[in-house]
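Let's take a walk through a protein together, one stop at a time.

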Amino acid sequence: MYVSSLLLLLVARGVARSCPAPCSCWNKVSDCSDKELVVPPFGLPLHTTNLSLAHNRVPALPPGYFSCYTDLTVLDLRNNSLTELPAGLFRPLVKLTHLDLSYNNLSSLRRGLLLGPARSLARLVLSHNPGLSVIAPRALAGLPRLQHLDLSFDGLTGVSRDLLDALPATASVRLAGNPWLCGCSMEPLLKWVARNLHQCNSDSREVECAGPPEVKGIPLFTLTEESFKACHFSLTLDDYLFIAFVGFIVSIASVATNFLLGITANCCHRWNKANEEEEM
């Protein structure tokens, strides 16, 4: 019994300290960056706290991939080919403080994806995902320690007010390089920025409108509440009654005009016919 237990312990320690051939492992750091990987490596040391898979060609991470790496605090996944992240992928990473997903092909960020590291996450980089056009309203809720959020150079045309209000008061945000549509839906972002200008880095001052055509190229921060005045246009009961009355009058006038035109045309026809008979 003692011998078998000892063997199991040695095997467990061997697995915990193993390092896949493409990677380098030392002092709880596993570096698998720039190895032209198309699949994520398996068999990393279980005590890894810092993992880099950056600068590879990994298109997907299997569900449960991080289940055994619960000590991770830094995870670098930048510059891969990730298009989608499985639900619950980061759930085991309750100690994660830094997550870099930049330079990938992500299209959306679903609610609950960051539920695991929510209490500890301080830095979240989602920049340079040109297809990232959808971020769920509550996707970034419950991140009390978030200090840095990078949403620059994605495919965002707008963000919801719920998403912004969920951010901690001390978090800095990068927003430049997105194709923002500065219509009525952009007003919440402008108001949020006006209240939290200290949260936006200098690049955010370079945020430009990509549309509508009349404001294309205009810096978002030059817009004022007056710019969105038309978004709040509403009609009163008196306005509706006046419009109904005018519509009724116009309808009557149209009927009367058509009636008069008909009579005039009929008279002209009879007059022409009478002239023709006299000439005969």
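Is Glu 84 buried or exposed? Glu 84 is exposed, because its relative accessible area is 53%, and exposed begins over 50%. Keep in mind as you look that this is a predicted model.

Glu 84 also has a partner: its side chain meets that of Arg 110 in a salt bridge, at 3.5 Å from N to O. Glu 84 sits in the loop between β4 and β5, and Arg 110 in the loop between β6 (108-109) and β7, so the pair ties together parts that are 26 residues apart in sequence. Arg 110 is partly exposed, with a relative accessible area of 33%.

A search of the whole structure finds four salt bridges, so let's visit others. Another one joins the side chains of Asp 150 and Arg 174, at 3.7 Å from N to O. This pair links distant parts of the chain, with Asp 150 in strand β9 (residues 148-150) and Arg 174 in strand β10 (residues 172-174), 24 residues apart. Asp 150 is buried, because its relative accessible area of 9% falls under the 20% limit. Arg 174, at 27% relative accessibility, counts as partly exposed. A salt bridge is also found between the side chains of Asp 76 and Arg 78, with 2.7 Å from N to O. Here Asp 76 counts as buried at 12% relative accessibility, whereas Arg 78 is partly exposed at 32%.

Now let's go inside. The largest nonpolar core has 59 residues, and Phe 66, Leu 75, Phe 90 and Leu 189 touch the most other members. The elements that give two or more residues to this core are α2 (161-165) and α3 (187-195). Of these, α3 provides the largest share, four residues.

Ring pairs link Phe 42, Tyr 65, Phe 66, Tyr 69 and Phe 90 into a cluster, and the structure holds four aromatic pairs. One of them is the edge-to-face pair of Phe 42 and Tyr 65, whose centres are 5.3 Å apart with 85° between the planes. It links distant parts of the chain: Phe 42 is in the loop between β2 (29-31) and β3 (50-52), and Tyr 65 is in the loop between β3 and β4, 23 residues apart. Phe 42 counts as exposed at 57% relative accessibility, whereas Tyr 65 is buried at 6%.

Next, follow the backbone. Most residues other than glycine have a negative phi, and most peptide bonds are trans. Which angle does Asn 79 show? Its phi is near 55°, a positive value, and Asn 79 lies in the loop between β4 (74-76) and β5 (98-100). His 128 has a positive phi of about 55° as well, and is found in the loop between β7 (123-125) and β8 (134-135). The peptide bond from Gly 211 to Pro 212 is cis, with omega near -5°. Pro 212 belongs to the loop between β12 (209-211) and α4.

That brings us to our last stop, helix α4 (residues 237-279), where Ile 263 is found. Together with Phe 259 and Leu 260, Ile 263 makes a nonpolar surface patch of about 310 Å². Ile 263 itself is partly exposed, with a relative accessible area of 37%.

Notes: Residues numbered from 1 in each chain as written. Predicted model: local features only at pLDDT ≥ 70, side-chain atom pairs only at ≥ 80, totals over all residues. Heavy atoms only, no water. Patch = residues over 30% accessible without salt bridge, like charges linked within 9 Å, V, L, I, M, F, W, Y side chains within 5 Å. Areas by Shrake-Rupley, 256 points an atom, 1.4 Å probe, with all protein chains shown as cover. Buried < 20%, exposed > 50% of the residue type's maximum accessible area, 1.4 Å probe, protein only. Core = buried A, V, L, I, M, F, W, Y, C linked by side-chain atoms within 4.5 Å. Phe/Tyr/Trp six-rings, centres within 6.5 Å; stacked < 30°, edge-to-face > 60°.
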